[in-house]
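Dear colleague,

Please find the structure below, with the sequence alongside it. My findings follow, and I would be grateful if you would read them with the structure open.

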Amino acid sequence: MTRALSPSRFAPLLTSLAAIAAALVLGGIFLALRGKDPLAAYGVLVSRGLGTSYGITETLIRMAPLLIVSAGLLVSLRSGVWNIGIDGQLLVGALLAGVAGAAIAGQVPNPVMWLIAALAGMAGGLLWALVPGILRVRWGLNEIITTLMMNYVALNVTSWLVKGPVKDPDVVPPQTRLISREMRLPDVAGTGVHVGLLVGLVVVVLVTILFRHTVIGFMLDVVGRNRQAAIHAGMPVNRLTLVALLASGAMAGLAGANDILGVKGLFQGNWNPGYGFAAFALVYLARLNSLWLIPFAYFLSFLVIGGEMMARPLGIPTYFVEMLEGLMLLCFAVAAWVERMRSPYARAEEVETGPANAGEPPGPLISEPLLEPVARVAGGPS
Amino acid sequence: MAQALGQPNSPVVEMRDITKRFGPVLANDRVSLDLWPGEIHAVLGENGAGKTTLMNVLAGMYQPDSGTIRIAGEPVRLDSPAAALRRGIGAVYQHFTLVPNLSILENVALGAEGGFVLDLAPAEAKVASMLADFGLDVSPRTEIRHLALGQRQRVEIIKVLLRGGRVLLLDEPTSVLTPGEVQSLLDLLRRLRDQGVAVVLITHKLGEALAVSDRVTILRAGRNAGDLGPDVMSGADRESVRARIIAQMFGSSPAAETDDSSMDHLPSVIPTPPRVIPTKEESRRPSRRRPEEPRFLADARHDRGAPAAARDEPTSETLLSLRNISTLGDRGAPALHDLSLDLLRGEVFGIAGVDGNGQKELGEVIAGQRPVTSGRVLLEGADITNRGVAAATRLGIGYVTDDRLHEGSVAESSVADNVALKSIGRKPFSNGFWLNRRAMEQQARRLIAEFDVKTPGPHTPIGMLSGGNIQKLLLARELALEPKVLVCNKPTTGLDLRTTQFVIRSLREQANAGNVVVLIASELDELIEISDRIGVMYSGQLVAVMPRAEADPETLGHLMLGGARRPRKASA
């Protein structure tokens with residue numbers, strides 16, 4: 001297997017690592033400007049986050065939802081669908097999981113309850129992705145806008161539900177009925193990490209298999225890379241688009257269920273973990289490669305947990321870690337641009353389109369988003 | 001025609017020795033063009049002759065590599081469309097640049113000179129009067145998206161004129177219009193000319209150019225190939241002017257200053273491909289192939305006795321029938337109009353036409369990639385209308401697109417993935433759910449060997465391959481599916497001689513095996529060499545179908561430009 005050893009396979013990782021390094025340097029500059037010693041701060045981050053069993057346990061617990069969410073986001077992004085609505089789908093899924101779980105907890109064996117709650121969570125996320133999915137497929141509405149807006153709807157709908165219809169009547173704060181600790185997901189033997197992490201790893205592996213070994217994964221990749229080629233090849237482009245969006249919504253819902261069943265035990269109004277943004281950083285750093293999600297998810301979780309642990313002794317706000325994530329995405333965008341400029345594709349394309357359109361090169365003409373639906377309709381009945 | 005020669009004695013625009021290169025392609029090679037106020041100046045040429053590039057240079061979109069532009073005698077540098085517009089030069093493109101959900105007024109005001117604050121009130125009256133003047137019965141407050149394409153085009157023109165444009169560049173303005181709209185556009189252009197505007201009309205359509213132009217410049221393969229002044233345009237009779245223009249567009253020498261009106265005396269017509277450097281073109285193109293045809297062709301004829309051509313009635317040998325097909329193009333304008341065609345077993349049916357006359361759409365309709373708005377597609381008598389690509393592929397229809405990189409293949413995906421692209425859901429590449437990567441790889445290796453594709457291996461991203469090798473793979477992919485009907489759109493564009501020969505031989509063999517090949521091509525020699533019958537498309541219709549024996553480049557070129565069929569039996 002010379003292929004596995006060829007440098008090009010891991011070359012994309014260098015871009016990500018460079019972006020992370022650049023973000024850490026920039027973050028260090030910010031720290032220095034605030035009068036903190038960056039080296040000391042990063043030292044604490046590493047020693048607490050990686051050097052203590054508490055830090056490692058918390059990191060692994062945090063990893064579970066990130067893995068699930070980002071695996072789902074990866075499915076949609078590889079299919080060329082921008083699901084910005086992860087957070088809303090997760091909230092709806094979490095609420096449904098919390099309600100369903102609490103409703104049957106104690107009346108059925110725990111594994112059955114977990115399964116049902118997880119399915120409820122997935123159904124919730126899927127439902128929330130269904131609306132933008134239909135709008136996109138039927139009328140060509142841009143899913144970036146609709147999924148984003150559905151986040152706000154989710155935030156308010158869940159908060160209303162938890163204040164009224166599904167509120168636990170026995171307590172004052174707006175929350176669903178508590179699933180007691182002994183009914184939540186058990187720990188992996190010998191650790192303090194609940195089995196949600198295993199679910200996350202399984203989901204990542206399943207997504208990997210999806211893209212490597214199944215027809216539908218192959219088609220999703222084609223749609224994501226070149227929609228026109230997918231139409232040309234007779235693939236059911238609209239259906240695939242919908243599937244990608246629904247799958248990522250369902251996975252976001254599953255991640256919500258994971259947090260309810262593994263950590264929280266109930267859904268509280270105003271709870272919004274905001275994994276969506278981290279998931280974007282994660283999927284891009286992993287270069288849309290599902291297995292690479294695992295180390296990067298660990299790294300980002302470590303940053304968050306280590307950041308929290310570093311915050312108190314050093315007086316650095318926890319927002320600092322969010323800023324680091326943002327910087328990583330920015331640096332990644334720059335690094336990816338540099339990479340693309342140096343890529344052989346760019347050249348290949350230039351040479352290729354040259355002669356074909358000789359004398360009348362691809363015009364300076366403005367692309368026509370208005371006509372896109374027309375082209376889409378004309379393009380292919382699925 | 002109105003002489004309209006009351007011009008001042010100096011041109012408003014002088015372009016001298018404009019050269020513009022795109023990578024290996026020399027799009028404009030020392031091209032010169034003068035524009036006079038109060039004239040309609042048609043710029044004619046084949047696809048790739050460099051018309052649009054020249055216009056983009058004048059419109060400030062591109063910077064020429066060398067050459068000078070003078071406006072009213074003064075040398076200028078037009079480094080942006082805004083700069084060009086400040087000098088009074090405005091362009092209207094095939095793809096309109098209006099914002100659909102802004103009003104006419106806002107679009108016209110958008111980007112106009114002036115401060116940061118947009119004050120629409122003063123412009124409104126002016127826009128309203130121009131709209132009325134231009135025969136548009138709409139309010140300036142109407143949003144662009146409510147307008148038809150022809151109306152939008154007028155708004156574009158108004159936009160240019162209101163910003164002080166005195167030179168109006170129109171790139172294929174009639175390609176999106178209905179015949180009625182074309183007439184009124186041409187009337188409008190005449191009026192603008194009479195008001196002293198210099199109108200540049202870039203077009204493929206000779207009829208329109210002849211109808212309105214005071215002056216014609218012909219480009220060929222990036223160079224000036226002819227220039228007919230007002231004396232010629234208004235004087236000589238239509239038919240001889242037309243003959244001269246065709247000769248200059250397609251002919252081997254731009255000489256032929258004869259007044260002979262007979263088409264038969266035209267110089268031999270050899271379309272020249274865009275000059276790619278380094279070039280082997282000279283050796284590549286045999287002049288008129290006729291007497292000794294390639295062996296495989298001779299064999300083919302012999303095998304089948306009489307050529308399958310010259311049959312007008314559908315017979316039992318009809319494999320695919322198109323009945324009264326109409327469809328829309330990508331931009332929603334009609335692309336095919338009531339087109340009927342029967343394709344016979346064992347024939348290569350060649351389709352000639354200037355780009356944009358519906359050939360691509362015809363190919364897509366056959367391939368199931370473009371739904372028809374009316375009409376039927378019958379494969380061996382079974383109705384397959386609007387069944388989609390997947391069904392068409394399954395039933396034995398293959399399609400090699402002309403857009404190798406953006407439609408035919410997924411550049412980042414491996415050769416093996418691309419080879420399996422069209423039949424991924426079937427054996428051997430999958431069982432419908434699980435992929436069989438090994439079968440994909442084997443098939444890729446087989447096709448690479450069989451078609452002599454230069455690639456490091458089946459796992460190389462296809463985008464890394466050269467155009468010719470991608471083309472071979474796309475053809476191989478279709479042929480491997482053993483299609484009964486194979487549509488190829490410009491399969492030999494940009495290929496070297498050996499690959500071209502290979503592609504042509506493959507297509508011929510495909511037909512010899514009793515299948516149908518539909519070959520859309522712009523190189524007439526090639527088309528005549530390989531086809532049994534040739535159809536000419538113009539404005540979404542098959543204007544003529546003829547057996548190969550009756551086809552020659554002059555006749556085809558004449559028909560491609562919208563000329564009437566000369567008295568032979570018309571078919572289709």
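Predicted model: local features only at pLDDT ≥ 70, side-chain atom pairs only at ≥ 80, totals over all residues.

A crossing of two helices is called left-handed if the near helix is turned anticlockwise from the far one by less than a right angle, and right-handed if clockwise.

Chain A

The secondary structure of chain A consists of 16 helices and zero strands. Of its 382 residues, 51% count as buried. Among the contacts in chain A with a separation of 6 or more, 79% are between residues 24 or more positions apart.

How do the axes of helix α4 and helix α8 of chain A cross? Helix α4 of chain A spans residues 53-78 and helix α8 of chain A spans residues 196-213; their axes come within 7 Å and cross at roughly 20 degrees. Angles under 35 degrees count as roughly parallel, and α4(A) and α8(A) are therefore roughly parallel to each other. In the sense defined above, α4(A) passes α8(A) in a left-handed crossing.

The residues that α4(A) brings to this contact include A:Leu60, A:Met63, A:Leu67, A:Ile68 and A:Arg78. By class, the residues of the contact of α4(A) with α8(A) divide into 15 nonpolar, two polar and one charged.

Elsewhere in chain A, A:Ile216 lies in helix α9 (residues 215-225). A:Ile216 has 20 other C-beta atoms within 10 Å and is therefore buried, since the cut-off for a buried residue is 20 or more. A:Ile216 and A:Leu50 are 166 residues apart along the chain, and their C-alpha atoms are separated by 39 Å.

Chain B

Chain B has 572 residues, of which buried residues make up 51%. Its secondary structure comes to 20 helices and 20 strands. Of the contacts in chain B between residues at least 6 apart in sequence, 67% join residues at least 24 apart.

The domain assignment of chain B gives domain 1 (13-88 + 165-265), domain 2 (295-396 + 482-572) and domain 3 (409-480). Where domain 2 of chain B touches domain 3 of chain B, the contact takes 11 residues from domain 2 and nine residues from domain 3. On the domain 2 side, the largest share, four residues, comes from helix α18 (residues 497-512) of chain B. That side has five nonpolar, five polar and one charged residues.

Individual residues of chain B

- B:Arg370 is in the loop between α12 (359-367) and β14 (374-379) of chain B. It counts as buried because 27 C-beta neighbours lie inside 10 Å. From B:Arg370 to B:Thr327, 43 residues away in sequence, the C-alpha to C-alpha distance is 7.9 Å.
- B:Lys427 and B:Pro428 are joined by a cis peptide bond, with omega about 5 degrees. B:Pro428 is placed in the loop between α15 (415-420) and α16 (437-450) of chain B.
- B:Asp338, in strand β12 (residues 334-344) of chain B, has a positive phi near 50 degrees and is a residue other than glycine. With 14 other C-beta atoms within 10 Å, B:Asp338 is partly exposed.
- B:Glu482, in the loop between α17 (467-480) and β17 (485-489) of chain B, has a positive phi of about 50 degrees although it is not a glycine. B:Glu482 counts as exposed, with 12 C-beta neighbours inside 10 Å.

Yours sincerely

How values were computed. Residues numbered from 1 in each chain as written. Chains lettered and ligands numbered in written order. Helix = DSSP H or I, 4+ residues; strand = E, 2+ residues; numbered from the N terminus. Axes fitted to C-alpha atoms, helices over the stretch in contact; angles between N-to-C directions. Parallel < 35°, antiparallel > 145°, perpendicular 65-115°, else oblique. Contact = placed C-beta atoms within 7 Å. Nonpolar A, V, L, I, M, F, W, Y, C, P; charged D, E, K, R; others polar. Domains from an automatic or database assignment.
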